[in-house]
Amino acid sequence: MELKDLRPAEGSTKNRKRVGRGPASGTGKTAGRGMNGQKSRAGGGKGAGFEGGQTPLARRLPKLPGFRNINRVEYLPVNVSRLEAKFEAGDVVDGDSLKAKGIIKHADALVKVLGDGEITKALTVRVDKVSASAKAKIEAAGGKVEEPC
């Protein structure tokens, strides 16, 4: 058997209807579209989702689920365990040093230090926000947290 020998199963296909080919065909003249009107013309009829002039469902529903606060401030999270691994004792942790160590991509990004993990080095932390547990761990290790002005 070769590719040229393949045929559809008997009765599974039929010829397409050739409309508008004269009165003898049974679908001549108006080609099965009836008389006049919007649906008799080429390109006529309403589009998909048209609901008779009322606002369609696709436009009534919100684009995205939930509530999106336009005033939300997004902080990049950095855990104290990451500071322990990347910084030496006495270092200053700020946007520039975090970028230099490859922890964040942009030095001007808003950063929040979180308290996951342990820290043993005394660091000076100058970032936008510090969680209460992270502040306690940094100060217990001999470091200090400087709030932004």
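Which strand does Thr124 lie in? I looked it up: Thr124 lies in strand S4, residues 124–125.

**Entry 1: ground rules**

I'm working with a predicted model, where local features need pLDDT of at least 70, side-chain atom pairs count only at pLDDT 80 or more, and totals for chains, interfaces and linings use all residues. Residues are numbered from 1 along each chain as its sequence is written, and side-chain values use heavy atoms, with hydrogens and water left out. My helices (H or I, at least four residues) and strands (E, at least two) are DSSP runs, numbered from the N terminus.

**Entry 2: the whole chain**

I find four helices and six strands in the protein chain. From the N terminus on, the order reads α-β-α-β-α-β-β-β-α-β. The chain is more spread out than a compact globule, because its radius of gyration is 35 Å, well over the 15 Å that the globule rule gives for 149 residues. That radius is taken over C-alpha atoms, and the globule rule is 2.2 Å times the number of residues to the power 0.38. Along the principal axes, the C-alpha atoms fill a box of roughly 100 × 55 × 25 Å.

Next I checked burial. Of the 149 residues, 20% count as buried; here buried means under 20% relative accessible area, exposed over 50%, and partly exposed in between (1.4 Å probe, protein chains only). The accessible surface of the protein chain comes to about 11,800 Å², and 51% of it belongs to carbon and sulfur atoms. These areas come from the Shrake-Rupley method with a 1.4 Å probe, and for residues only the protein chains shown count as cover.

I also noted the charges. The chain has 29 positive and 17 negative side chains, and the centres of the two sets lie 22 Å apart. Lys and Arg count as positive, Asp and Glu as negative, while His and the chain ends are not counted. Each charge is placed at NZ of Lys, CZ of Arg, CG of Asp or CD of Glu.

Is Thr124 buried or exposed? Thr124 is buried, with a relative accessible area of 13%. Leaving aside neighbours within four places in sequence, I see Thr124 in contact (heavy atoms within 4.5 Å) with Asp91, Val92, Val93, Lys144 and Glu146.

S4 belongs to an open sheet of three strands, in the order S2-S4-S6, with parallel pairing. The edge strands are S2 (92–93) and S6 (144–145), and each pairs on one side only. I call two strands paired if DSSP finds at least two bridges between them. S4 and S6 are joined by two bridges and run parallel. Lys144, already on my contact list for Thr124, is also the bridge partner of Thr124 in S6.

**Entry 3: the other sheet**

What is the order of the strands in the open sheet that holds S3? The order is S1-S3-S5, three strands with parallel pairing.

I went through the bridges of S3 (residues 111–114) in turn. Four bridges join S1 to S3, and these two run parallel. Asn79 stands opposite Leu114, and Pro77 has Lys112 as bridge partner in S3. On the S5 side, two bridges join S3 to S5, again parallel. There Lys112 is partnered by Lys129. As for the faces of S3, Val111 and Val113 make up the covered one, Lys112 and Leu114 the uncovered one.

I picked out Lys29 in the segment before helix H1 (57–60). Lys29 has a positive phi of about 55° although it is not a glycine. At a relative accessible area of 75%, Lys29 is exposed. Ala31 is also in the segment before H1, and has a positive phi of about 55° without being a glycine. Ala31 counts as partly exposed, at 22% relative accessibility.

In H1 itself I stopped at Ala58, which counts as exposed at 72% relative accessibility.
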